[in-house]
Amino acid sequence: MSFTLHGLGVSPGIAIGTSHLVSHATLEVSHYVIPAKHIDEELNRFDAAIGAVREELRSIKYAAGLGAPSEIRALIDVHAMILADPMIASVPRQMVRERRCNAEWALVQQMEQLVEQFEEIEDPYLRERKADVVQVVERLLKAMSGRSGQSVPRRKPEDGVVVVAHDLSPADTIHFRQQQITGFVTDLGGATSHTAIVARSLNIPAVVGLYHVRQLVRDEEMVIIDGTRGVVIVDPDERILEEYRLRKSELELERSKLKRLRSAKSATLDGEEISLQANIELPEDVAQVKDVDADGIGLFRTEFLFLNRDAMPDEDEQFEAYRSVAVALKGKPVTIRILDVGADKALSGTVRNEPNPALGLRAIRYCLAEPQMFLTQLRAILRASHYGRVRVLIPMLVHAYEIDQSLMMIRLAQEQLSAEGVPFDKNIAVGGMIEVPAAALCLGAFLKRLNFLSVGTNDLIQYTLAIDRTDEAVAHLYDPLHPSVLRLIAQTIEAGSRAGVPVAVCGEMAGDPSHTRLLLGMGLRQFSMHPMQIFEVKQEVLRSDVSDLRPKVARLLRIEDPEKQRETLERLNA
Ligand code: PEP
Ligand code: MG
């Protein structure tokens, strides 16, 4: 029977394929008694599963290769450690012997005990590790049932495979790349979950936050994913299937045509040059930046170097990472953002049990509370500035004194390096992110003290509309076009232009081609986005006439009626 589900489209495009259910295996374990004479056999079965999963993890790590984000490699190591821990490798054996139960049952009992213990841990990062325990146990259960980790079902060569899961770990997602998965859908997850980030960087259409998809879809059913609109169609009829096949091939054609834009100069019809820069998470993302010939890096989210590891990267390790990006960009700007941890990006073992992490000690607040760590990162960035055009970007500023304290720390790092005779760019540009309404409403202090501004619309929307950006339950209220949000962005661009301080937008809005004309009409000249989005945005830029857009956008900004606003935006984009 055909039916349609709506969720959060987190990675655009259309995928068509047969479903492959990633088992929520822990829910499906039966309990039976093992006769005394078969106990050793049962234990051998358990040991064989441990060996098979050990091998599976090793091969995932090998297949992911050095190109995989370091956080994913670290995660696979965590899973290997859990697998080797006596709590998983020995206690269930003991239970099989003492209670004469099957190994699957013993394993799930033990897992439930461990999960309960994890839930009592105060530290949210450690508490979340329970998900890793569950994932390892699921792998073991699959190995015992004779099914391997995330194997691909038999299928017709022309069909893709669509993975349907309750939740996916980044390690599984990377593994899917080798198996040519064409798309995936999950019950859980928000637009900024790791799974969503990996999906976007692999260019795999994905819809998350579907709540019950894992229960509603059966194995080997035909599934269409529209990752742009967040729609999933299960068991479509021939007509719908044909429609989507056509749309998919049109999109593929459009995408390959867009590659021709690589060498086109990014300018509007009336000759305004528009800088299209890239957002990266790790140094290895530079390859994609080069592929699309971006005008620089508008946002290097350095916290990804710090996540999923026990010890923070020291000054030399950070320096090497920043230097390699600066060198690769050959004089184009590389905007390195100061560590933006806290909220949904918790550092291993360092985060307090905060009542509301998004409003807590995150980003620059965290850095100023940890001056030694802040200084280490600043020294590494300054050292890298000798090798390219490096700029520093400070996240989540609200108060003028936070800017002053940050600038003092930069001066201190500069003085230390000068005294040590270490070279660095003495004129390094320092910018601030505008991602809290308080900052956008009181820009004077920012414009006076900083060399450039970058609007982080992801957080600006979260804080203006009071919507947790990672919570699928309120995702429908997360509205980039809310008049309050548009006015805050427009007035930041306007104030920057009046003061001669360049303003960029580096949140997701910058990479959405349906917002390009709106932002151009507000006066924006610098966009920073995921490299995959650059050609589509460039296409919009090439078709736009800023002098025509400006008065239209000024009118749009005065509209408060959502319906009227939508119609006006549609006309603007037509
Ligand atoms: C933003 O908030 O828009 C932004 C670019 O930063 P992040 O998504 O890393 O919070
Ligand atoms: Mg932000």
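Student: Which atom of ligand 1 does a backbone N or O atom of Asn458 lie 2.7 Å from?
Tutor: An oxygen atom of ligand 1. Keep in mind that this is a predicted model.

Student: And how much of ligand 1 does the protein cover?
Tutor: On its own, ligand 1 has 280 Å² of accessible area, and the protein covers 99% of that.

Student: OK, how many residues surround ligand 1, and which are the closest?
Tutor: There are 15 around ligand 1, the closest being Arg301, Arg337, Gly456, Asn458 and Arg469.

Student: What does the side chain of Arg301 do there?
Tutor: One of its polar atoms lies 2.7 Å from an oxygen atom of ligand 1. The side chain of Glu435 also has an N or O atom 3.0 Å from an oxygen atom of the ligand.

Student: What classes of residue make up that shell?
Tutor: Eight are charged, four polar and three nonpolar.

Student: New topic. How do helices H13 and H15 cross?
Tutor: The axes of H13 (residues 315-328) and H15 (residues 371-384) come within 8 Å and cross at roughly 35°.

Student: Left-handed or right-handed?
Tutor: The crossing of H13 and H15 is right-handed.

Student: Which residues make the contact?
Tutor: From H13, they include Phe319, Tyr322 and Ala326, and from H15, they include Ala380, Ile381 and Ala384. By class, the contact of H13 with H15 has six nonpolar, five charged and three polar residues.

Terms used:
Residues numbered from 1 in each chain as written. Chains lettered and ligands numbered in written order. Predicted model: local features only at pLDDT ≥ 70, side-chain atom pairs only at ≥ 80, totals over all residues. Heavy atoms only, no water. Near = heavy atom within 4 Å. Polar contact = N/O pair within 3.5 Å; in protein donor to acceptor, adjacent residues only side chain to side chain. Areas by Shrake-Rupley, 256 points an atom, 1.4 Å probe, with all protein chains shown as cover. Nonpolar A, V, L, I, M, F, W, Y, C, P; charged D, E, K, R; others polar. Axes fitted to C-alpha atoms, helices over the stretch in contact; angles between N-to-C directions. Helix = DSSP H or I, 4+ residues; strand = E, 2+ residues; numbered from the N terminus. Left-handed = near helix turned anticlockwise from the far one by under 90°. Contact = heavy atoms within 4.5 Å.
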